[in-house]
Amino acid sequence: MEFDDLLRRYFGTGDFASVAPAALAAGVERCQVDLGLETDQGKRFALWAMLYMLGAAPELSEVFDDPAAREAARDFMDMIDAA
């Protein structure tokens, strides 16, 4: 999943700066629902990562059963937080 594609799918635009607050809330909610329904681990990670960057990601233990996936998510968190 490409980040620009996710932005268009959930927020209706590839320009995140132009997303209205109401559209942001609705897009985050749709993304959270899709995260709960998604079974492909790569897609789940992409959805979770976008939600993390938006401050709306659920706890790692709720999303990733696999310890390696949780560790990858922690690495992602550290990388984003350091940037």
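In which helix is the place of R70? Select R70 and the answer is helix α5, where helices (H or I, at least four residues) and strands (E, at least two) are DSSP runs numbered from the N terminus.

This is a predicted model, in which local features need pLDDT of at least 70, side-chain atom pairs count only at pLDDT 80 or more, and totals for chains, interfaces and linings use all residues. Residues are numbered from 1 along each chain as its sequence is written, and side-chain values use heavy atoms, with hydrogens and water left out.

**Stop 1: around R70**

Keep R70 selected and display its contacts (heavy atoms within 4.5 Å). Setting aside neighbours within four places in sequence, R70 contacts L60, S61, F64 and D65.

**Stop 2: the whole chain**

Zoom out to the protein chain, which has five helices and zero strands. From the N terminus on, its elements run α-α-α-α-α. Its C-alpha atoms fill a box of roughly 35 × 30 × 20 Å along the principal axes. The radius of gyration is taken over C-alpha atoms, and the globule rule is 2.2 Å times the number of residues to the power 0.38. For 83 residues, a compact globule would have a value near 12 Å; the protein chain has 13 Å, which agrees. Of the contacts with a separation of 6 or more, 39% join residues 24 or more positions apart.

Colour the chain by accessibility: buried means under 20% relative accessible area, exposed over 50%, and partly exposed in between (1.4 Å probe, protein chains only). Of the 83 residues, 29% count as buried.

**Stop 3: α1 against α2**

Select α1 (residues 3-11) and α2 (21-37). Two packed helices are described by the angle between their axes and the distance between the axes. Axes are lines fitted to C-alpha atoms, for helices over the stretch in contact, and angles run from 0 to 180 degrees between N-to-C directions. The axes of α1 and α2 come within 8 Å and cross at roughly 110°. That makes α1 roughly perpendicular to α2, on a scale where angles under 35 degrees count as roughly parallel, over 145 as roughly antiparallel, 65 to 115 as roughly perpendicular and the rest as oblique. From α1, R9, Y10 and F11 take part; from α2, A23, L24, G27, V28, R30, C31 and D34 do. These residues divide into six nonpolar, one polar and three charged; Ala, Val, Leu, Ile, Met, Phe, Trp, Tyr, Cys and Pro count as nonpolar, Asp, Glu, Lys and Arg as charged, and the others, Gly among them, as polar.

**Stop 4: α1 against α3**

Now select α3 (residues 41-53), which packs with α1 at an angle of about 75°, their axes 11 Å apart. The two helices are therefore roughly perpendicular to each other. F3, L6, Y10 and F11 in α1 meet A46, L47, M50 and M53 in α3. This contact comprises eight nonpolar, no polar and no charged residues.

Centre on M50, in helix α3. M50 is buried, with a relative accessible area of 2%. Beyond four places in sequence, M50 touches F3, L6, Y10, F11 and C31.

**Stop 5: the nonpolar core**

Finally, show the largest nonpolar core, which has 22 residues; such a core is a set of buried Ala, Val, Leu, Ile, Met, Phe, Trp, Tyr and Cys residues joined through side-chain atoms within 4.5 Å. Those with the most contacts inside it are Y10, F11, W48 and F64. Helix α3 gives the most to this core, with seven residues.
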